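Please look over the sequence and the structure below before reading the notes on contacts, surface and charged pairs.

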Amino acid sequence: MSSEPEGPRAERPKRRKFSAEYKLRIVAEYDALTESGAKGALLRREGLYSTHILDWRLARDHGALKALEPKPPVCKDAKSPAEKEAERLRRENEKLAAELAKTKKALTILGKAHELLELLSEEVDTPGRPPKPTE
């Protein structure tokens with residue numbers, strides 16, 4: 001079995017990540033170009049879009065070198081192990097609470113059925129036993 005992923009998304013392109021140094025170098029090189037068409041050639045050579053340059057320049061100008069670092073992918077399901085465990089325990093707690101409520105209802109019904117049977121058995125006349133006096 002090969003280590004290559006298989007399926008319809010196997011050849012899907014991977015998201016590129018750029019270091020802060022690379023971004024600063026490209027912005028400086030882009031700003032230094034003055035010849036006609038040189039900026040477009042740089043973008044094509046590096047496989048970039050003009051919006052990359054605009055975003056990186058803005059971050060540089062605001063002194064946000066940290067903002068130039070690649071950001072981790074944002075994923076809805078990206079939870080820490082502690083959050084996953086808390087969610088699992090929360091679901092288990094809800095399940096057990098529902099089961100407990102059902103058991104309590106069943107016990108209440110059984111208790112009432114027991115009372116009813118006791119009342120019925122007291123009212124039944126059995127041979128050789130006088131009926132109980134009512135108070």
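In the protein chain of this predicted model, 62% of the contacts between residues at least 6 apart in sequence join residues at least 24 apart; a contact means heavy atoms within 4.5 Å. Local features need pLDDT of at least 70 and side-chain atom pairs count only at pLDDT 80 or more, while totals for chains, interfaces and linings use all residues. Residues are numbered from 1 along each chain as its sequence is written, and side-chain values use heavy atoms, leaving out hydrogens and water.

**Elements**
- The protein chain has 4 helices and 0 strands, where helices are DSSP runs of H or I with at least four residues and strands are runs of E with at least two, numbered from the N terminus.
- The order from the N terminus is α-α-α-α.

**Surface**
- Of the 135 residues, 11% are buried (buried is under 20% relative accessible area, exposed over 50%, partly exposed in between, with a 1.4 Å probe and protein chains only).
- The chain exposes about 12200 Å², and carbon and sulfur atoms supply 58% of that area.

**Salt bridges**
- The whole structure holds 10 salt bridges, each a side-chain nitrogen of Lys or Arg within 4 Å of a carboxyl oxygen of Asp or Glu.
- Arg88 and Glu92 form a salt bridge at 3.1 Å, N to O; they lie 4 residues apart in helix α4 (residues 81-123), so about one helical turn separates them.
- Arg88 is partly exposed at 38%, and Glu92 is partly exposed at 36%.
- Arg60 pairs with Asp61 at 3.0 Å; Arg60 is partly exposed, whereas Asp61 is exposed.

Methods: Areas by Shrake-Rupley, 256 points an atom, 1.4 Å probe, with all protein chains shown as cover.
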